[in-house]
Amino acid sequence: MMSDMTAKDVLALMKKEDVKIVDFRFMDFPGMQQHFSVPASQVDEDIFTEGLGFDGSSIRGWQAINESDMLVIPQPQTAFIDPFMEIKTIVMTCNIGDPITGENYTRDPRNIARKAVEYLKSSGIGDTCFIGPEAEFFVFDDVRFDQNEHSGFYFLDSTEGRWNSGKDEKPNLGYKPRYKEGYFPVPPSDALQDLRSEMVVLMEQVGLTVEAHHHEVATGGQCEIDLQFAPLLEMADAMTKYKYVIKNTARKHNKTVTFMPKPLFMDNGSGMHTHLSIWKNGKNLFYGDGYAGLSQMALYAIGGILKHAPALLAITNPTTNSYKRLVPGYEAPVNLAYSSRNRSAAVRIPMYSTSEKSKRFEFRCPDPSSNPYLGFSAMLMAAIDGIENKIDPGKPLDRNIYDLKPEEAAGVPKTPGSLRAALEALAADHEFLLRGDVFTKDVIETWIEYKMESEVMALDLRPHPHEFMLYYDI
């Protein structure tokens with residue numbers, strides 16, 4: 001997925017393609033890509049080592065105003081020609097550096113992912129962590145929202161939405177997936193086949209390897225496009241390209257995409273089931289003769305994921321909206337257990353993957369609102385902790401959770417019920433993330449403070465429309 005292009009190769013490509021603009025991109029702390037551009041005439045080989053200066057004080061969660069100067073250092077292996085820009089533009093993902101010390105910036109999410117990969121190697125456990133995310137998203141035709149001192153609302157619409165089955169569309173043709181039945185009827189019920197196919201073609205054009213695409217369970221335009229698994233850092237880079245291509249392809253067709261986990265009430269939310277395996281010298285260390293074909297190492301890794309899951313979710317499910325998805329009854333993985341079949345378990349072992357090459361486990365809690373550099377890194381650190389400390393994952397949960405007796409069900413730990421609860425869990429349990437200086441104390445403290453102040457408390461302060469339904473006439 002990642003190319004082996006060098007700085008010289010990028011400069012040669014720019015000349016060959018008559019590139020006019022070079023776009024430098026990087027990830028902010030919460031997980032939104034940022035960028036600035038320079039004329040191609042200003043780019044030479046020195047930029048790839050010396051970088052370019054910019055003001056980091058306006059980037060969410062980053063530098064204070066009195067220490068705002070930072071460097072972007074473009075990574076040539078990430079270069080691609082932007083398929084959406086009219087002016088020929090080449091794009092590169094950048095590392096972030098301190099212009100005074102020359103050191104990598106600790107709050108740069110890509111730097112954290114690089115350190116996680118190095119920590120895996122230094123631990124002696126393995127040399128590669130493969131990640132395979134399955135990100136879901138909604139394609140809408142209209143979105144409006146506002147919040148001020150005296151009003152607040154949101155409005156979503158989709159020509160596919162079941163709620164439009166009675167609308168006079170002059171004419172209404174009636175092919176609208178029923179609630180929870182969007183998985184996966186053929187067109188015309190699936191009205192987004194061509195749009196997803198265009199997204200896939202463009203993804204391949206910019207160097208991504210796509211395995212499949214399909215409509216998802218919810219009505220109103222829920223979709224999934226799956227990338228082939230890749231090493232952790234490459235996959236985090238790929239997910240930034242993935243979101244960019246999806247959003248801009250939709251916009252080209254006057255549609256809008258959201259990776260928000262739960263935009264629709266009473267229908268399925270969008271998750272990002274994430275497959276993980278650890279390899280060494282080309283050998284999959286998770287393949288074995290234990291439960292569901294897993295090795296003892298893999299089971300210990302699952303033990304680490306389950307033990308640290310409440311804290312992990314503060315990073316892999318980092319929005320207040322994330323916890324509107326993690327509720328029983330919508331295929332949501334709310335049970336902190338593992339299983340080869342039970343889709344409500346937080347960790348599942350796919351049973352269609354029986355070969356040594358494909359053996360892995362799937363952490364089903366994460367959602368696509370997460371910063372992929374931070375989320376994948378945190379998962380790996382939890383898995384390493386499980387392996388190093390031989391954390392027993394307990395017995396698998398292979399029975400239907402809804403068939404368990406109340407006392408049995410009560411014994412199965414559950415995911416946190418809110419972002420506040422997950423952040424409190426992270427505050428109490430983050431030593432495993434600090435090993436190898438992968439996540440620093442400053443990163444953890446800044447993450448918790450930013451999320452609490454900017455999101456949890458911001459939502460707590462605002463009246464909700466449904467509160468008027470419940471309480472206005474008291």
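**Close-up views of charged side chains**

View 1. Glu408 is partly exposed, at 32% relative accessibility (buried is under 20% relative accessible area, exposed over 50%, partly exposed in between; 1.4 Å probe, protein chains only). The model is predicted: local features need pLDDT of at least 70, side-chain atom pairs count only at pLDDT 80 or more, and totals for chains, interfaces and linings use all residues. Residues are numbered from 1 along each chain as its sequence is written, and side-chain values use heavy atoms, with hydrogens and water left out. Glu408 and Arg399 form a salt bridge, 3.1 Å from N to O (a side-chain nitrogen of Lys or Arg within 4 Å of a carboxyl oxygen of Asp or Glu). Arg399 is also partly exposed, with a relative accessible area of 43%. Elsewhere, salt bridges with shared partners tie Asp23, Arg25 and Asp82 into one network.

**View 2. Glu45 and Lys8, a link between distant parts of the chain.** The salt bridge between Glu45 and Lys8 has its closest N and O atoms 3.1 Å apart. The two residues are 37 apart in the chain. Glu45 sits in the loop between strand S2 (33-39) and helix H2 (47-50), whereas Lys8 belongs to helix H1 (residues 7-16). Helices (H or I, at least four residues) and strands (E, at least two) are DSSP runs, numbered from the N terminus. Lys8 counts as exposed at 55% relative accessibility. Glu45 is partly exposed, at 37%.

**View 3. Glu181 with Arg178.** These two side chains meet in a salt bridge, with 2.8 Å from N to O. Glu181 is partly exposed at 42% relative accessibility. Arg178 is partly exposed as well, at 47%. Side chains of opposite charge can pair when their charged atoms come close.

**View 4. Lys176, a buried lysine.** Lys176 has a relative accessible area of 7%. It lies in the loop between strand S9 (152-157) and helix H4 (193-205). Leaving out residues up to four places away in sequence, Lys176 touches Thr159, Glu160, Gly161, Arg162, Asn164, Ser165 and Glu169. Contact means heavy atoms within 4.5 Å.

**View 5. Asp473, in the segment after helix H13 (465-471).** Asp473 is exposed, at 68% relative accessibility. Its C-alpha atom is 34 Å from that of Asp168. Along the chain, Asp473 and Asp168 are 305 residues apart.

**View 6. The whole protein, for context.** The fold has 13 helices and 18 strands. Its radius of gyration is 23 Å, close to the 23 Å that the globule rule gives for 474 residues, so the protein is as compact as a globular protein of that length. The radius is taken over C-alpha atoms; the rule is 2.2 Å times the number of residues to the power 0.38. Along the principal axes, the C-alpha atoms fill a box of roughly 65 × 60 × 50 Å. Of the 474 residues, 55% count as buried. Among contacts between residues at least 6 apart in sequence, 68% join residues at least 24 apart. A search of the whole structure finds 24 salt bridges. There are 49 positive and 66 negative side chains, with the centres of the two sets 5 Å apart. Lys and Arg count as positive, Asp and Glu as negative; His and the chain ends are not counted. Each charge is placed at NZ of Lys, CZ of Arg, CG of Asp or CD of Glu.
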